[in-house]
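Hello,

Here is the structure you will be working with. Please look through it first; my notes on what was found follow below.

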Amino acid sequence: MASTEHDVERSELRWAGAALGFVGIIFALTLFAALALQRNPPSNVERLDPKSLHLTGEFTEPNLGTRVEGNGQVTTRIVATQFAFVPQCVVVPEGREVTLRLSSADVIHGILVTGTNVNTMVVPGYVAQVHTVFQRTGDLLMPCHEFCGLGHSQMYARVRVVPQSEFRPDAQGRANCGP
Amino acid sequence: MSDPIVPADAPETLTQQQLHALRAMPVGALALSGVAVLLLLIAWLLIYLLLYLPRGMVG
């Protein structure tokens with residue numbers, strides 16, 4: 001009971017201790033996730049010219065979609081533009097590390113893949129990159145989550161997660177959703 | 001100048017009953033704020049353990 005100044009101080013110290021304890025718990029769990037489980041906010045600073053995005057470099061049309069690199073790394077490249085993702089559907093294998101690389105040709109967009117921790121902004125002039133492992137198969141919705149204009153609500157793509165046995169890239173290492 | 005709320009002949013010191021009420025008040029405030037913060041922490045932990053962790057690696 002706070003009947004004297006000393007009691008008030010003691011109660012405030014106790015309250016501050018509890019608050020610090022809560023912050024400590026949250027901080028420890030975040031550190032554990034980052035260091036032990038490799039869960040980090042996507043962080044990548046890589047510049048490119050949005051004006052020539054479709055003409056040169058990795059985001060030209062033949063390079064878009066999923067490709068298995070020579071070292072077995074699965075990379076999916078997507079261009080975000082008002083008001084669509086190109087390609088509209090990408091196929092990725094389940095239980096294998098996938099690198100999503102996105103860039104915007106016009107304004108700021110953002111993506112999330114439903115049911116996963118994939119969530120990033122796509123800023124023109126930069127490459128947004130997310131590494132992840134998809135854990136269940138199925139068609140996952142990937143909407144634009146950064147208001148980008150009047151057609152924003154119609155802007156979405158699909159991520160088709162297939163079992164590894166059904167993930168069959170062609171001779172060039174490309175895989176697509178098919179007809 | 002006369003105060004319209006406190007009558008001029010009111011006693012200057014608090015009664016025992018008023019003192020008791022003043023002492024008891026912070027206990028309720030602490031309990032209320034404690035429960036509110038605890039509920040927030042539980043909600044954060046539930047989202048972390050049941051949604052964030054099962055959704056897999058990202059980086």
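β4(A) and β10(A) pair in the parallel sense, over 5 bridges. Within this pairing, A:Val90 has A:Val159 in β10(A) as its bridge partner. Please keep in mind that this is a predicted model.

The two strands belong to an open sheet of 3 strands in chain A, in the order β4-β10-β9, with mixed pairing. β4 and β9 (138-143) of chain A are at the edges with a single partner strand each, so one side of each has no neighbour in the sheet. On average, neighbouring strands of this sheet are turned by 25° against each other, direction ignored.

In soluble globular proteins, nonpolar side chains tend to be buried together. The largest nonpolar core here has 30 residues, and those touching the most other members are A:Ile78, A:Val79, A:Ala80, A:Val90, A:Val92, A:Leu102 and A:Val159. Among the elements of chain A that give two or more residues to this core are β2 (74-81), β4 (89-93) and β10 (156-162). β2(A) gives the most, with 4 residues.

What does A:Leu102 contact beyond its neighbours within four places in sequence? The contacts are A:Ile78, A:Ala80, A:Ile111, A:Val122 and A:Ala128.

Finally, the chains meet through 15 residues of chain B in contact with 21 residues of chain A. The chain B side of this contact has 11 nonpolar, 2 polar and 2 charged residues.

Regards

Notes:
Residues are numbered from 1 along each chain as its sequence is written. Chains are lettered from A and ligands numbered from 1 in the order in which they are written. This is a predicted model: local features need pLDDT of at least 70, side-chain atom pairs count only at pLDDT 80 or more; totals for chains, interfaces and linings use all residues. A nonpolar core is a set of buried Ala, Val, Leu, Ile, Met, Phe, Trp, Tyr and Cys residues joined through C-beta atoms within 7 Å. A residue is buried if 20 or more other C-beta atoms lie within 10 Å of its own, exposed if 12 or fewer, and partly exposed in between; C-beta atoms are placed from the backbone. Two residues are in contact if their C-beta atoms, placed from the backbone, lie within 7 Å. Ala, Val, Leu, Ile, Met, Phe, Trp, Tyr, Cys and Pro count as nonpolar, Asp, Glu, Lys and Arg as charged, and the others, Gly among them, as polar. Two strands pair if DSSP finds at least two bridges between them. Axes are lines fitted to C-alpha atoms, for helices over the stretch in contact, and angles run from 0 to 180 degrees between N-to-C directions.
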